[in-house]
Amino acid sequence: MLDALLAALSLENLTLAFLGVLVGTIIGALPGLSATMAVAVLVPFTFTMDPSSGLIVLGAIYTGAIYGGAYSAILVNTPGTPAAIATAMDGFPMAKRGDGDLAVTISCLGSVAGGTIGALALLFLAPPLSQIALSFGPIEYFWLAIFGLSLIATLSRGATLLGLIGGAIGLLLSCVGSAVVGGDVRYTFGQTALLGGIPVIPALIGFYCVPVLIEMVIRPEAHLEQRAERMRGFRLIEALGLMWRSKVNVIRSAVVGTAVGIIPAAGGSVAGLVAYSEARRTSKTPEEFGKGAHDGVIASEASNSATVGGGFIPTLVLGIPGTPPDAIILGALLVQGIRTGPQLFTQQADIVFTFTFGLLIATLLMLPTGLIIGRYAYRLIVSIPKTALAPAIAFLTIVGSFAIEANTFHVVIMVTLGIIGWLLARVGLEASPIVLGLILGPIAEAGFVQGWLIGGAQEDRFGMFFGQPISLGIMAMTMLTLMSSGLFKRKAQKEQPS
Amino acid sequence: MSRMTAQWRLILVAMLGIGLGTLAILQTSHMSELGRVFPMTASLIAIAAGLGVLLQALLRSSSGVPATEHVDYLRAALLGAVLLIWAASLQRLGFELTSGIAVVLIAMIARRDPMSVSSIVLHAFAGVLLVLGFAFLLSEVLNVRLP
C-alpha cells in the first residue's frame, strides 16, 4: 500500500490529478454539461497513459465535475450537474442575500469532506468485498446483473414504465452482434460491422454527449449563462466555523452519499436530495431550509461528492457501475486491458490502490482548485459563446469515439445513437436505463446461459439458479434495494423543486 | 392543450415499445433456443411496458412526463445532419478537411444572428485553429489515434 501511495504522490500523477480536478470543475460548472459528459469527452486523453494514471485523471475529472455543479447552482440557480439540484435550494438564496462567496466556500469544504469519506470507504471496504466476490460464479454474476437492472426503477425518476422501455431498448442493443455464448448472430441486418456488437464507449458518448450538444445549439441564449451574482471573497475562516458546527451533518451526508453511490447507477442527484432531506429533518431550524440554510448546501455537497468513492466500489469489485460516469470509466478500463472484478484486487492491486490514493489526493486538491482557480476559470469559460463551445464539444465527441479502436464506423454509431438518444429524451425516455441495459445485458446473459448449461449437466437447474447461498443473498439484496430505492426516490421527489 | 401533448407523447412511447418489441421478437425465429432467451425477454418487457404506458395515456393518468416545449427542430435536424455526414465522410475525405468544414458549419448553426462575410471568415479561421490545435495535442502530445 505504501508503494501505491508513493506512486500516487509522483509528480506526474499529482499534476494529472490537479489538471483533472480543474477541468472537471470547469465543465461541471457549465449548466447542461454533466459529470458523465465531462468524463466521456475526456476519456480519449487517458488511453495512452498507464492505467493507474489514466484512472486518476478520470476520477479527478469526475470529482471536480460533481463539485463544479455547485457554482452555477449557487450563482445563477441553475445546477451545473443534476447532482447539484439540492445545492441550488439554499445556495442561490444565500447568493441573493450577498453570501454567494460563503456558499461557494462551504460547498467546496463540504465536497472535500464528503469526497474524502467516500474515497476512504473505497480504500477500506473494496478489498474485503473483493474477497467475498472471489467466490462468485456465473450464477452470482447473473443475479448481480439482475440486481443492477432492477435499479432501472430508481433511474426512471417517477416514470417506471418508461424506464422499463428504456431498459429493454438497452438490453436489445446489447444483443446486437454475435451472442456472448453460442455465437448466434443477432440483429445485425446483414451488416458485418455490427458482428462485434454495439461498442460501449461510443454508445455512451453518443447517449450522454450528443443530446447535450443538440440542446445547447437549439436554445436561443448566446452563452451557457447570462448573469451571475457577484462574489466578494473566500470567507474561509467563517466557512470553517460553519463546517465545524455542522460536523454531524457532514458525516451523515457523506455516509448517505457513499451508500447511494454503492447502489448501482443511483448517482449524485439522488444522494444530494436524500441527504438534504435528512439535514432538514434533523435540523433545529428546519424553517430556514430553502431560504439560505448553510446546512442544506453542506449536506448536498458532502453527499454528492461522497458518491464518487462509493460508486467506484461496485465498479471495481464487481464490474457493475455505481454511477453513470463509472460506466464510462468501466469502458475506459476495458480499453486499457483491465478487467474489473474481484481478481483486480489480487492480480493488479497496485493499480487499484494507486488509483484510490490518487482519488483521495484529487479530492484534497479540490480545496485550492475549487476555492481559487476554479472560480476564475469558470467565469472565463461562461463568457465563451456557444458558437465556439458547440464545435469544440462536437470535435471531442468525434475524436473520442474514434480513438478507442481507430474505427470510423464507431463514430457513425456514436452519432446515430446520440441523435436517437436525444429524440427519445424528448418523449421522456432517459439515457440512463438504456445505458444500464446495454452494459449489464451481456453480463446477465453470459451468467444465465452458463448457469443454464451447467445446471442442465447437473440435472438441477432450479438448484443452480435458486439454491446457492450467495445467489439467495443477492436476491434478498435486490429486494431490499428495490424497497430502499423506492424510499430514496420518494424522499428525493418530495424534496425536488417544482 | 399541453395535457394533450403529454398524452400524445406517451402514446408515441407506447407505440415505440410495442413496435420495437414485436419487431425484435419476429427477428428471433432463426436464433437458437438459448440465443433467443434474452432478446425475447427484453422484447416482452418492452411490449408489456408499452401496453402499460398506453393504458396510462388512454386513462389520462399523471405520468410524470412534462408537456412538450417549443423546440427548434430545424436547427436540431441541421446539426444532426452535419454530425452524421461528418462521421460518414471521415474515412473518404480525411480528418482535417471534414473536421474543418463541420466545425464552421456547427458554429453557424449555433449562431442566432445572421453572419456577415467577415464573421464567417473569422469563424472559419477559428475553426481551423481549433481543429489543428486539438489534432496536434491529441496526435503528437498524447499519441491518440486520429481518423
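How many residue pairs are in polar contact between chain A and chain B? The count is six, with both residues of each pair at pLDDT 80 or more. This is a predicted model.

**Where chain A meets chain B**
- On chain A, 62 residues are in contact with 66 residues of chain B.
- The size of an interface is often given as the accessible area lost when the parts come together.
- Between chain A and chain B, about 5300 Å² is buried. Carbon and sulfur atoms give 79% of that area.
- Several elements of chain A give two or more residues to the side that touches chain B, among them α9 (160-175), β2 (185-186) and α10 (200-218). Helices α18 (386-403), α19 (408-426) and α20 (431-457) also belong to that list.
- The largest share of this side of chain A comes from α18(A), with twelve residues.

**Helix α14 of chain A**
- Helix α14 covers residues 294-318 of chain A, 25 residues in total. At 1.5 Å a residue it should span 36 Å, and its end C-alpha atoms are 37 Å apart, which agrees.
- At Val308(A), α14(A) bends by about 30°.
- Of the 25 residues of α14(A), 23 are buried, so the helix is largely enclosed by the rest of the structure.

**A buried threonine**
- Thr369(A) sits in helix α17 (residues 349-382) of chain A.
- Its relative accessibility is 0%, so Thr369(A) counts as buried, the cut-off being under 20%.
- The side chain of Thr369(A) reaches the backbone oxygen of Leu365(A) at 2.5 Å.

**Salt bridges**
- Over all chains, the count is five salt bridges.
- Arg219(A) and Glu215(A) form one of them, at 3.0 Å from N to O. Arg219(A) is partly exposed at 35% relative accessible area, whereas Glu215(A) is buried at 18%.
- Salt bridges link Glu215(A), Arg219(A) and Arg426(A) in a network.
- Arg281(A) pairs with Glu278(A), with the closest N and O atoms 2.8 Å apart. Both lie in helix α13 (residues 268-282) of chain A, three residues apart, about one turn of the helix.
- An α-helix has 3.6 residues a turn, so residues three or four places apart point the same way.
- Arg281(A) is exposed at 60%, but Glu278(A) is buried at 11%.
- In chain B, the side chains of Arg75(B) and Asp72(B) meet in a salt bridge at 2.8 Å, N to O. Both of these residues are buried.

Terms used. Residues numbered from 1 in each chain as written. Chains lettered and ligands numbered in written order. Predicted model: local features only at pLDDT ≥ 70, side-chain atom pairs only at ≥ 80, totals over all residues. Heavy atoms only, no water. Helix = DSSP H or I, 4+ residues; strand = E, 2+ residues; numbered from the N terminus. Expected span 1.5 Å × (residues − 1). Bend = angle between axes of the 7 residues up to and from the residue. Buried < 20%, exposed > 50% of the residue type's maximum accessible area, 1.4 Å probe, protein only. Contact = heavy atoms within 4.5 Å. Buried area = accessible area lost by both parts, 1.4 Å probe. Polar contact = N/O pair within 3.5 Å; in protein donor to acceptor, adjacent residues only side chain to side chain. Salt bridge = Lys/Arg side-chain N within 4 Å of Asp/Glu carboxyl O.
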